[in-house]
Amino acid sequence: MSPSAAINQLADDFALFSDWEDKYAYIIDLGKHLRPYPEQYRTDEFKVRGCQSQVWLHPHVEGNTVHFDADSDAVIVRGLIALLMRVYDGATAKEILDTPTDFVRTLGLADHLSQNRANGLAAMLKQIHLYALAVQSRLESASS
Amino acid sequence: MTTTSTYDVHTVRAAFPILQRTVHGGKPLVYLDHAATAQKPQAVLDAIGHYYRTTNSNVHRGAHALSAEATAAFEDARAVIAGYVGAARNEEIVFTSGTTDGLNLLAATVLTSAQPGDEILLTEMEHHANIVPWQMVAQQRGLAIRVVPVRDDGTISVDDVASLLTERTKVFACAHVSNVLGTINPIAEWSALCQANGTRCIVDGAQAIQHCSVDVQALGCDAYVFSAHKLFGPTGFGVLWARYDFLDALPPYRGGGAMIDRVTFSGTTFNAIPMRFEAGTPHIEGAIGTAAAIRWLQEIDTTERIAHEDDLLRHTTAAMTAMDGLTILGTASHKVGIISFVVDGIHASDIGTLLDNMGIAIRAGHHCTQPLHQRFGIDASARASFALTSTREEADMFVEGLAKAIRMLR
Ligand SMILES: Cc1ncc(COP(=O)(O)O)c(C=O)c1O
């Protein structure tokens with residue numbers, strides 16, 4: 001699924017929640033079922049700075065798509081990671097760069113997750129975009 | 001609270017416009033983050049507004065009516081602050097930008113004649129602001145840092161302090177009240193030990209100033225620092241009190257205008273204290289706002305407000321102690337209304353996020369005390385902190401909200 005299709009899907013899912021509690025119950029549940037993080041990448045090198053909780057993010061390229069492993073010791077952050085993965089995991093670098101990050105706000109996440117700066121959502125988004133930018137510029141310089 | 005108390009929390013609370021607001025779509029704000037910063041009563045907002053509307057001018061400089069009025073208000077603030085903490089003279093009060101600034105000033109000036117191998121004694125419960133400046137000077141001068149351990153209940157043994165004070169200990173820098181544990185340390189006892197040992201006792205009063213009645217003479221320390229923003233005053237302003245002879249012997253810290261006596265390119269002579277430590281245009285409305293905060297606070301009976309906060313602390317602690325898997329950090333019998341805690345298997349930031357959605361503001365993280373958290377074997381904790389404006393209803397909303405957050409996260 002492309003990032004924009006994933007965002008539409010998420011928007012549909014989120015439209016079903018009538019209050020913050022349902023939304024959070026869902027995010028917490030996603031967090032509890034996040035796919036396991038490869039232990040060899042649980043190092044300082046892959047730590048995302050600027051979060052209240054600890055967050056690790058290991059981006060890598062497989063073929064021509066970008067993939068992410070990520071983890072946190074806070075379950076809500078893990079749930080947010082699961083949401084970001086739905087949008088970005090397996091997309092091409094160009095798709096990632098073409099996806100505006102304002103979906104976080106349109107989903108009503110920034111609204112309720114007023115701590116989104118503290119919980120590292122913004123920092124993770126930035127890391128993902130920087131990684132995609134690096135991959136894309138490598139691709140472009142290889143083809144020029 | 002005793003039955004004879006006339007303390008009316010709702011009247012006190014009504015003085016704070018911000019406490020009337022709602023968050024997250026109409027939820028009443030339950031502000032339990034007073035340890036991070038206190039809110040401001042109308043009297044403080046009025047004093048600052050009035051200063052800018054009527055008096056704004058640079059102090060100690062221009063020979064005109066506004067400057068004279070501004071200088072008078074500024075120096076009146078110094079007298080109010082000096083009186084509030086029990087300073088012997090107004091000159092013992094140095095205006096700073098906050099606790100952090102005061103501690104940096106002391107760290108940079110107190111140890112100028114220390115020899116390599118001399119020691120600085122800290123406690124394990126210090127805020128980073130009372131660790132890092134000392135580490136910086138220790139590194140520059142080859143000094144050693146020693147640390148008094150914290151016991152499981154969040155207190156410090158006076159015997160440990162005594163045994164760690166050596167003939168080489170030049171400074172003991174310690175918190176009056178811990179911003180995590182809430183423990184009120186026996187500063188008078190520690191000061192006496194320091195005095196007998198020829199050690200300077202420097203106290204970080206950041207957390208105590210809002211909750212305790214501070215009398216530097218009774219405490220017997222050499223210096224005491226705090227931030228105005230934790231005393232219902234403005235941000236960016238703070239106070240350093242130091243005993244006259246001690247302060248007068250310290251070298252200048254920052255150079256610039258106002259701190260000099262006479263400047264030539266071949267050399268400069270420095271102003272008398274406290275001006276020697278107040279280079280540049282000061283935070284004038286900071287001083288005026290702080291004096292207004294103190295005057296406002298002095299209208300309230302100290303014993304009654306402390307009893308009110310103590311009641312909230314005990315009431316909330318009792319309810320939290322009954323919660324499954326919850327551990328309170330700091331259970332000293334002598335503590336202020338700060339409750340830090342951890343819950344088995346749940347991250348503090350998750351608790352903070354869910355409570356925030358209920359309109360309840362607490363803090364989650366290491367609270368600038370990483371060594372203390374390491375001592376308890378944790379990375380982070382959640383912290384609720386009360387003030388004299390907090391109510392039993394708020395305490396109950398917090399306890400119920402916390403129970404709900406834990407249910408959602410388990
Ligand atoms: C015990 C303690 N010391 C120092 C500080 C630093 O105060 P400021 O940031 O106002 O300089 C704080 C503030 O959180 C504190 O709680």
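Modeller: Gladly, and please keep in mind that this is a predicted model. Let's start with B:Glu304 and B:Thr6, whose side chains are joined by a polar contact of 3.1 Å.

Biologist: What makes the link between the side chains of B:Glu304 and B:Thr6 a polar contact?

Modeller: The cut-off for a pair of N or O atoms is 3.5 Å. The side chains of B:Glu304 and B:Thr6 are joined at 3.1 Å, so the pair is within that limit.

Biologist: Where does B:Glu304 lie, and which residues is B:Glu304 in contact with, leaving aside its neighbours within four places in sequence?

Modeller: Helix H12 of chain B, residues 302–321, holds B:Glu304. Once those sequence neighbours are left aside, B:Glu304 is in contact with B:Ser5, B:Thr6 and B:Tyr7. B:Leu388 is 84 residues from B:Glu304 along the chain, and their C-alpha atoms are separated by 9.5 Å.

Biologist: What kinds of residue make up the shell around the ligand?

Modeller: The shell divides into seven polar, two charged and two nonpolar residues. Among the residues around the ligand are B:His127, B:Asn179, B:Asp204, B:Ser227, B:His229 and B:Lys230.

Biologist: What makes strand E8 of chain B mostly covered?

Modeller: Four of the five residues in strand E8 (residues 200–204) are buried, and buried means under 20% relative accessible area. E8(B) also pairs in the parallel sense with strand E7 (residues 169–175) of chain B, over five bridges. At least two bridges are needed for two strands to pair, so five bridges qualify. In one of these strand-to-strand links, B:Val171 has B:Arg200 in E8(B) as its bridge partner.

Biologist: Why is A:Arg78 called buried?

Modeller: The relative accessibility of A:Arg78 is 18%, and the cut-off is under 20%, so A:Arg78 counts as buried. A:Arg78 lies in helix H3 of chain A, residues 75–88. Neighbours within four places in sequence aside, A:Arg78 is in contact with A:Gly31, A:Lys32, A:Leu34, A:Asp71 and A:Ser72.

Biologist: How does chain A look as a whole?

Modeller: Chain A has seven helices and two strands, following the pattern α-α-β-β-α-α-α-α-α along the sequence. Of its 144 residues, 48% are buried.

Biologist: Why is B:Ala405 called buried?

Modeller: B:Ala405 has 0% relative accessibility, which is under the 20% limit, so the label is buried. Helix H15 of chain B, residues 392–409, is where B:Ala405 is found. Not counting residues up to four places away in sequence, B:Ala405 touches B:Leu354 and B:Met358. B:Met358 is 47 residues from B:Ala405 in sequence, with 9.5 Å from C-alpha to C-alpha.

Biologist: Why is B:His24 called partly exposed?

Modeller: Its relative accessibility is 23%. Buried means under 20% and exposed means over 50%, so B:His24 is in between and counts as partly exposed. B:His24 lies in the loop between strands E1 (22–23) and E2 (27–28) of chain B. Phi of B:His24 is near 45°, a positive value in a residue other than glycine.

Biologist: How do you know that the peptide bond from B:Ile273 to B:Pro274 is cis?

Modeller: The omega of that bond is near 0°. Most peptide bonds are trans. B:Pro274 lies in the loop between strand E12 (267–270) and helix H11 (284–298) of chain B.

Note on methods: Residues are numbered from 1 along each chain as its sequence is written. Chains are lettered from A and ligands numbered from 1 in the order in which they are written. This is a predicted model: local features need pLDDT of at least 70, side-chain atom pairs count only at pLDDT 80 or more; totals for chains, interfaces and linings use all residues. Side-chain values use heavy atoms; hydrogens and water are left out. A residue is near a molecule or strand if one of its heavy atoms lies within 4 Å of it. Ala, Val, Leu, Ile, Met, Phe, Trp, Tyr, Cys and Pro count as nonpolar, Asp, Glu, Lys and Arg as charged, and the others, Gly among them, as polar. Buried means under 20% relative accessible area, exposed over 50%, partly exposed in between (1.4 Å probe, protein chains only). Contact means heavy atoms within 4.5 Å. A polar contact is a pair of N or O atoms within 3.5 Å; within protein, one must be able to donate a hydrogen and the other to accept it, and residues adjacent in sequence count only if both atoms are side-chain atoms.
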